[in-house]
Amino acid sequence: MIAALLVFVAAGTARAHDEARDDRPFVMRAYARAVQLLDEAAAARVPPLQPPTPVAVKWKAQRLVSIDLGAPLLDLAAGDLDGDGRAEIVALTTRDVVVLSARGARGLAEIARAALPAEPPAIEPRDPVGTIVVASGGSAKEIWARSSTAGRGARYALTGADLKEVAPLPSFPMCAPLAGERERAGELAPGRDYFGGEGAARVFALRCRGDLVDESGRAMIAIATLGPGGVLEVALRTRCAHGDASCPAERRVQVAGAGVAFAIADVDSDGKPEVITSGDGAPGDPDSVSVYSAARAGAVGKPAYKKKFTGGVAGVVAADLDGSGDLEVVAAVRLAGAARVDLWLLN
């Protein structure tokens, strides 16, 4: 700030005629000019755009492991909880939060678990509902989770092999905080399996992703909302430097026939994220996972890849599980009410 003020004073003579028309006190004029100079300097140092480097992706389903989680699976999330450069998969069941870690190139194993809060819910829907996200909690990542089978949610931290509750969570976490966006949480409609209001205001699931970049290298976030009738709407918002006249407008992509298990990720790193969804069939029906390109606004076309399963898809995540720098897509498949899930690698 002092340096900016000195620059302002040095340039004062050249600007004298402008200042003569400004009746604010000198200190206020000096402060305003200093802020302007700092803003201009920050804008001049905007880092160059780094366009993504596409990678070849071969979609081919392979079962990784079959795991008994001890209770029915409600939702999946993923994130690097221990800071080793490899993401863990986190499963939310009707009883526990379970952390799974990669074991070799094609394996996953449980490394920690913690029970959900013991408080009973005031009212519980017929079919259990849960949400889980991995969020920044100070210097480390935390797990935020809540199930309709418990009266409240909780924040958990992984320390070594111990997963412990660190704070209560009143609402259902739906999105971890993103740059320029508010934290998103919700409450179930009393006794129902959806959030928000009635009719068109119903929300069955919400996912966010904040680590995307577009084709030119600008930062981009995705906010995906599953509403009534299996319509998934994905808002893609590009974050640009101040004054960037070429900054693209927000675009919205719609996928019909989507289920509550879905993910948004740029798996092939081409600046055009994929929308990866389960189907909208009834619980217990055979299910599928479809991969769509979100290259342009409007309804997507045919899926680039589709895999059918005999069980229901209870969760889908996309994360760098092996530390290679590329994303792996994993789907969790289970029979209705079963505690055992099959985890499938899709790429």
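Is Cys247 buried, partly exposed or exposed, and what is its relative accessible area?

Author: In this predicted model, Cys247 is partly exposed, with a relative accessible area of 27%. The partner of Cys247 is Cys240, and the sulfur atoms of this disulfide are 2.0 Å apart. Cys240 is likewise partly exposed, at a relative accessible area of 26%. The link of Cys240 and Cys247 is right-handed, with 80° about the S-S bond.

A disulfide is a covalent bond between the sulfur atoms of two cysteines. The count for this model comes to two disulfides. The other one joins Cys175 to Cys208, with an S to S distance of 1.8 Å. The link of Cys175 and Cys208 is right-handed, with 80° about the S-S bond. Cys175 belongs to strand β10 (residues 172–175) and Cys208 to strand β14 (residues 205–213), so this pair ties together parts that lie 33 residues apart in sequence. As to accessibility, Cys175 is buried, with a relative accessible area of 2%, whereas Cys208 counts as partly exposed at 25%. When the bonded cysteines are counted along the chain, the disulfides follow the pattern 1-2, 3-4.

Buried residues make up 46% of its 347 residues. The chain exposes about 17,100 Å², of which carbon and sulfur atoms supply 53%.

Note on methods:
Residues numbered from 1 in each chain as written. Predicted model: local features only at pLDDT ≥ 70, side-chain atom pairs only at ≥ 80, totals over all residues. Heavy atoms only, no water. Buried < 20%, exposed > 50% of the residue type's maximum accessible area, 1.4 Å probe, protein only. Areas by Shrake-Rupley, 256 points an atom, 1.4 Å probe, with all protein chains shown as cover. Disulfide = S-S within 2.5 Å. Helix = DSSP H or I, 4+ residues; strand = E, 2+ residues; numbered from the N terminus.
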